[in-house]
Each structure stands twice: as structure tokens, then as C-alpha cells.
Amino acid sequence: VTVVDRLHLSLDVTAVPTNPVGAGQYTLQLAQALDQRPDVELLVVARRRDGSRWRAVAPGSGVVTVAPELRPLRLAWEQIRLPVLLKHQTVEVHHGPHYTMPEHSKVPAVVTIHDLSFFEAPQWHERSKVLLFQRAIRVAARRAAVVVCPSQATADELARWCRVDGDVVVAHHGVDLDRFRPVESAPGSDAALLSELEIGSTRVRGSGGAGAGGGAGRLGDGTPFLVFVGTLEPRKDVPTLVHAFARVAGRHPEARLVLAGGAGWGASQVEEAVAASGMRSRIIRTGYVKDDIIPALFRAAVAVVYPALYEGFGLPALEAMACGAPLITSSGSAMEEVTGDSATLVPPGDVVALSEALDGALAGDGPDAERRRRGLDIAARHTWAASASKHMEAYRLAARS
């Protein structure tokens with residue numbers, strides 16, 4: 001019988017909102033993957049009213065529900081009360097998956113730095129967040145035993161902006177291959193999911209998706225569409241996507257652009273771009289989209305367009321590839337690091353280059369079967385189990401520090 005040396009790890013999930021995207025999804029998926037490992041004794045540290053969710057996510061782990069609900073109180077609690085909790089729980093390593101850590105805890109800390117946008121382009125964020133996270137990142141770089149970065153691009157930027165005293169581990173995000181796959185779960189299931197999207201007084205109706213044959217890239221009424229999925233915020237550069245679509249829309253009179261995601265800080269710029277484009281009737285705003293609908297959108301689209309100016313990783317790009325969707329995203333970015341030549345890459349912020357890529361996709365000049373196969377192969381290697389294994393390297397390093 002093999003005796004597994006179990007590492008006692010605490011994971012702070014207190015920053016994960018009710019409808020998690022980006023870093024929230026990362027934390028949720030990581031907790032789930034760690035819960036399934038035999039070499040971890042996981043303690044999930046959650047908000048007071050959030051216990052049932054995390055017990056469902058990590059049923060084999062301990063869950064303590066002690067953190068306040070409001071962020072200012074939660075940040076203070078992390079510094080004052082969390083070190084005491086960790087001491088009494090005999091935790092060997094603590095992981096702060098969202099930039100921050102208890103600064104005076106005797107427990108070695110691992111901190112995830114998702115990106116350096118607070119330094120690279122502070123104008124993309126509210127000023128209060130810039131001040132908070134610039135300080136948190138500097139503290140983590142100096143005091144964390146190990147810093148986890150989701151891409152080499154982020155690790156390089158961290159070294160450029162901060163003095164890093166601990167080790168740095170690059171751990172790519174994973175993709176949920178049970179949800180994000182090229183074939184729908186049952187004939188007609190994508191159509192049923194897409195019909196849930198309310199668009200004014202009408203609905204987006206699906207056509208069976210890429211796996212059903214003959215319907216890929218079209219809404220239920222035969223309308224071809226491009227789709228962006230993500231929070232509407234400045235660094236996603238959705239206004240450039242809107243302008244690029246407007247440049248080519250005349251050549252593709254049936255085409256629609258679907259913007260699927262909730263409004264973040266600075267989302268008014270998107271509304272202004274839509275109003276100025278003259279294409280309001282052909283640009284569909286869905287608002288926040290439930291997790292199970294996103295794969296159906298990817299499978300049904302002519303192309304998934306993720307033109308972000310900057311990302312620490314760019315998870316929607318990987319998820320699109322896992323669905324076998326043609327992908328248009330930004331060159332010179334973390335997305336290029338992950339997707340390589342399986343995606344159509346355009347310089348970030350270049351409306352002419354982006355419009356040419358959209359034009360090609362709508363004209364049927366998308367990636368050939370070989371490029372899409374490479375995309376599926378890349379996605380297949382990026383499992384959350386593989387990501388958890390890289391995180392375990394970081395935890396073991398921290399435990400030895």
C-alpha cells in the first residue's frame with residue numbers, strides 16, 4: 001500500500017463572486033481539482049454565507065465560513081484574523097489565489113498574480129483598485145514564498161515591475177473539457193440552451209452547433225454570427241471589435257455580432273461604440289451568460305473573437321479552441337503563448353487588421369481542419385488536473401521554504 005504524503009493546504013476563496021468569471025473561475029476550478037487529489041488535505045476558507053457552494057465544489061475538503069461579506073472588511077480580516085485561523089488549523093501552506101496574502105502570518109504563502117495590468121495600464125481600472133492591487137502585488141512579490149503566474153508573459157512582467165524574492169511558478173489555466181467540447185451533449189441541446197438568451201422581445205435561437213452538422217455559425221433563423229464572450233471592460237477592447245464589424249458588415253448583410261458578458265467598469269465605452277457604429281440592430285448584447293450556455297455559443301459561431309489588448313492568460317480563447325471554434329485573438333499576448341498558430345492572430349487595437357480577419361471568417365475563409373485539430377490538441381493538454389499538478393509544485397516549494 002502506497003502511503004501518500006498529504007500536504008495541509010488552505011485556499012482563500014473569499015474573493016469569488018456569485019457569478020464567477022476569470023480569476024473567480026480559476027479559483028473554483030482549482031479548488032475542485034485539488035479536492036480530487038490524494039496528496040492534499042485542503043481547507044477552503046470562505047465567506048460566512050458561502051459555505052454550501054464550496055462544500056458542493058470540494059466535498060472531500062474542509063470548509064470554514066468565517067470571512068465577512070464586504071470587501072473592505074474582508075481585506076482587513078485577511079490581515080488580522082486569518083493568520084490566527086491558519087495557526088489553529090495547523091496549515092502548512094496558504095494559497096491566496098487573488099493577489100493578496102496575510103502579510104504577518106508564519107505560514108508560508110503562495111500567491112497568484114493573474115496579470116500586471118494595474119502597472120501596465122492603470123487607466124483600465126478604478127483608481128481605488130489600482131492603489132490596492134499595486135501594493136498587494138508588490139507585497140506578494142517580496143513576501144510570498146512562491147508566486148504563481150498563469151503565463152510566462154505575466155511572469156516576465158512581474159519581474160519587470162517588482163522585486164521578486166521568492167520562487168515563481170508558471171501554471172497555465174485549465175479548461176473544463178466536459179463542458180467545452182466540439183460536439184453538443186445531445187441533438188438539439190445547443191438550440192435549447194441558446195433559446196434561453198433573451199434579446200429584447202425576441203430570443204437567440206440555436207441551430208444545433210458545430211457537432212450537429214450544417215448549423216455551425218448561425219442562429220436559429222439562419223443568421224451567421226460572430227461572438228465575443230467576456231466582461232465588457234476597457235482591456236477587452238470591445239469598441240475596436242464593434243468598429244471592425246461595422247467596417248465589414250455591409251459585405252455580409254445577414255451577419256450579426258453577439259457580445260456576451262456582463263458590464264464591467266468602463267462598459268459605457270462599448271455602448272458609445274455601438275451607438276456610433278450605425279449597426280445597433282445587428283449587434284446583440286446578451287448581458288451575463290450562464291456557464292452552460294457559453295459552449296453552445298462557441299460551437300454555433302462563425303468565429304469566436306477575443307481581441308483583448310492585454311490578458312494574464314485569456315481563458316475564453318482556450319475554451320473556444322476546446323469547442324473546435326475558429327478563434328480570432330491578439331498577437332504578442334498571453335493568448336498567443338497558449339494558442340500558437342491554431343488561432344488567427346491580429347495586432348491588439350488594430351481595427352483594420354481585425355476587420356480583415358472578421359471579413360475572412362464571414363466569407364468562409366476560416367482555419368482549415370488541421371489548424372482546428374491543433375487547437376483541440378492544445379486544449380486537451382490544458383486540463384485543470386494538469387494545472388493543479390503545477391500548483392502542487394508551488395506548494396511543495398513553499399512548504400520547504
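# Packing and salt bridges in a predicted model

The buried residues of helix α10 (238-248) pack against β10, β11 (256-260), α11 (268-277), β12 (283-287), β13 and α15 (351-362). This is a predicted model, in which local features need pLDDT of at least 70 and side-chain atom pairs count only at pLDDT 80 or more, while totals for chains, interfaces and linings use all residues. Residues are numbered from 1 along each chain as its sequence is written, and side-chain values use heavy atoms, with hydrogens and water left out.

Some terms need a definition. Buried stands for under 20% relative accessible area, exposed for over 50%, and partly exposed for what lies in between (1.4 Å probe, protein chains only). Helices (H or I, at least four residues) and strands (E, at least two) are DSSP runs, numbered from the N terminus. Contact means that heavy atoms lie within 4.5 Å.

The buried residues are V238, P239, T240, L241, V242, A244, F245 and V248.

Two helix pairs can be set side by side. Axes are lines fitted to C-alpha atoms, for helices over the stretch in contact, and angles run from 0 to 180 degrees between N-to-C directions. Angles under 35 degrees count as roughly parallel, over 145 as roughly antiparallel, 65 to 115 as roughly perpendicular and the rest as oblique. A crossing is left-handed if the near helix is turned anticlockwise from the far one by less than a right angle, and right-handed if clockwise.

| Helix pair | Crossing angle | Axes |
|---|---|---|
| α10 and α15 | roughly 55 degrees | within 8 Å |
| α13 and α16 | about 120 degrees | 8 Å apart |

On the α10 side the contact is made by T240, L241, H243, A244, F245, R247 and V248, and on the α15 side by V351, V352, L354, S355, L358, D359 and L362.

At about 120 degrees to helix α16 (residues 369-381), α13 is oblique as well. The crossing of α13 and α16 is left-handed. L318, M321 and A322 of α13 meet G375, L376, I378 and A379 of α16.

## Nonpolar cores

A nonpolar core is a set of buried Ala, Val, Leu, Ile, Met, Phe, Trp, Tyr and Cys residues joined through side-chain atoms within 4.5 Å. The largest one has 99 residues, and W54, L226, L297 and L358 have the most contacts inside it. Residues up to four places away in sequence aside, L358 touches L226, L241, A244, F245, V248, V305 and I328. Another core, of 22 residues, lies apart from the largest one, and Y99, L116, F118 and A155 are among its members.

## Salt bridges

Side chains of opposite charge can pair when their charged atoms come close. In a salt bridge, a side-chain nitrogen of Lys or Arg lies within 4 Å of a carboxyl oxygen of Asp or Glu. The structure holds 24 salt bridges.

In one of them, R6 pairs with E41, and the closest N and O atoms are 2.9 Å apart. R6 lies in the segment before β1 (7-12) and E41 in strand β2 (residues 40-47), so the pair ties together parts that are 35 residues apart in sequence. R6 is partly exposed, with a relative accessible area of 33%, and E41 is partly exposed at 34%.

R37 and D39 also form a salt bridge, at 2.9 Å from N to O, and both residues are buried.

The side chains of E311 and K236 meet at 2.4 Å from N to O. E311 lies in the loop between β13 (303-306) and α13 (315-322), and K236 in the loop between β10 (225-229) and α10, so the pair ties together parts that are 75 residues apart in sequence. Both E311 and K236 are buried.

These two residues belong to a salt-bridge network that links D115, E233, R235, K236 and E311. R235 lies in the loop between β10 and α10 and is buried, with a relative accessible area of 11%. Neighbours within four places in sequence aside, R235 is in contact with D115, S117, W124, A308, L309, Y310 and E311.
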